[in-house]
Structure formats: structure tokens, C-alpha cells
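Keep the 3D view open as you read.

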Amino acid sequence: MHEVSIMEGIFEIITDNVDEHKLKKVNKVVLQIGEFTCVEEGALRFAFEAFSKNTKAEGAELLIDRVKATAKCGRCGQVFKIAFTNKICPDCGIFSNNVVSGYELLLNEIEGD
Ligand SMILES: [Zn+2]
């Protein structure tokens, strides 16, 4: 399952942070997930619970921040919302290949004591 390997990578970063900041407990983890990534939130939460069991992150709140997909127009420079099948600037009517956001898969924040 895709989400398990993603969470495995995220958990490595969490563990590094816990060690580095000598945290006793992780209270909150915030992820940024672009809407173009094929990640299912429920599966991600399930993987988080599985990985956090018996670690300092057990019971931590998992916040998933979905990032809207946007692109920047090569002609007028505006950043506009896009869909997989529609990356056309609403003002110029031209196609933009310059995707600004939507593919994020980031660990944005860790809070702990
Ligand atoms: Zn434009």
C-alpha cells in the first residue's frame, strides 16, 4: 500500500526530530498533502496509528492539510486553481505547464514536549 511507504518516510523524519529535540512526547503532527497526490487520507491515518504505536508519537493528533493545486500563467503571471484536466489560465485562455502547488507531500510541523 502506497500510504504505508509514505508514512514510513514521514516517521523517519518524526523520529529524527524527537531525537534531535529530545522530545518526551509528540502532541501534534501536521502534514501538507497536495490534491494531485494520490493519497487517501483514511489510509494515511491508519498507517500513522500503526507506526506510532509504542512510540513517543502514540496518541498524537494528525492534521492533514490539503493543498489546492495551482499553476502560474506564463503570459500574465497570475496563479490560478487548476484541475488535472484543466490547466488553462482563466484570463488568457492559454495552457500552463508551470504547476506551483498540488504535489506536496510534506511534514509541515511537529509539536511535542
Ligand atoms: Zn494568464
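In this predicted model, the zinc ion sits in a tetrahedral site, where the angles among its four donor atoms run from 106 to 113°. For comparison, the ideal angle for four tetrahedral donors is 109.5 degrees. The protein donors are the SG atoms of Cys73, Cys76, Cys89 and Cys92, lying 2.3 Å from the zinc ion. Along the chain, these donors follow the spacing C-x2-C-x12-C-x2-C.

Within this set, Cys76 and Cys89 link distant parts of the chain, 13 residues apart. How do the two compare in position and accessibility?

| Residue | Loop | Relative accessible area |
|---|---|---|
| Cys76 | between strand E3 (70-72) and strand E4 (79-81) | 41% |
| Cys89 | between strand E4 (79-81) and strand E5 (99-101) | 1% |

Cys76 therefore counts as partly exposed, at 41%, whereas Cys89 is buried, at 1%.

Now turn to the nonpolar packing. The largest nonpolar core has 19 residues, and those with the most contacts inside it are Met7, Ile14, Val26, Val29, Leu31, Leu44 and Phe48. Helix H1 (2-20), strand E1 (26-34), helix H2 (41-52) and strand E2 (61-67) each give two or more residues to this core. The largest share, six residues, comes from H1. To see the packing up close, pick Met7: leaving aside residues up to four places away in sequence, Met7 touches Leu31, Leu44, Ala47, Phe48 and Phe51.

Apart from that core lies another, of seven residues, with Cys73, Phe80, Ile82 and Cys89 among them. Two of these names, Cys73 and Cys89, are also zinc donors.

Terms used
Residues numbered from 1 in each chain as written. Predicted model: local features only at pLDDT ≥ 70, side-chain atom pairs only at ≥ 80, totals over all residues. Heavy atoms only, no water. Donors = N, O, S within 2.8 Å, 3.2 Å for Na, K, Ca; no water. Tetrahedral: all angles 85-135°; square planar, octahedral: opposite > 155°, others 65-115°. Helix = DSSP H or I, 4+ residues; strand = E, 2+ residues; numbered from the N terminus. Buried < 20%, exposed > 50% of the residue type's maximum accessible area, 1.4 Å probe, protein only. Core = buried A, V, L, I, M, F, W, Y, C linked by side-chain atoms within 4.5 Å. Contact = heavy atoms within 4.5 Å.
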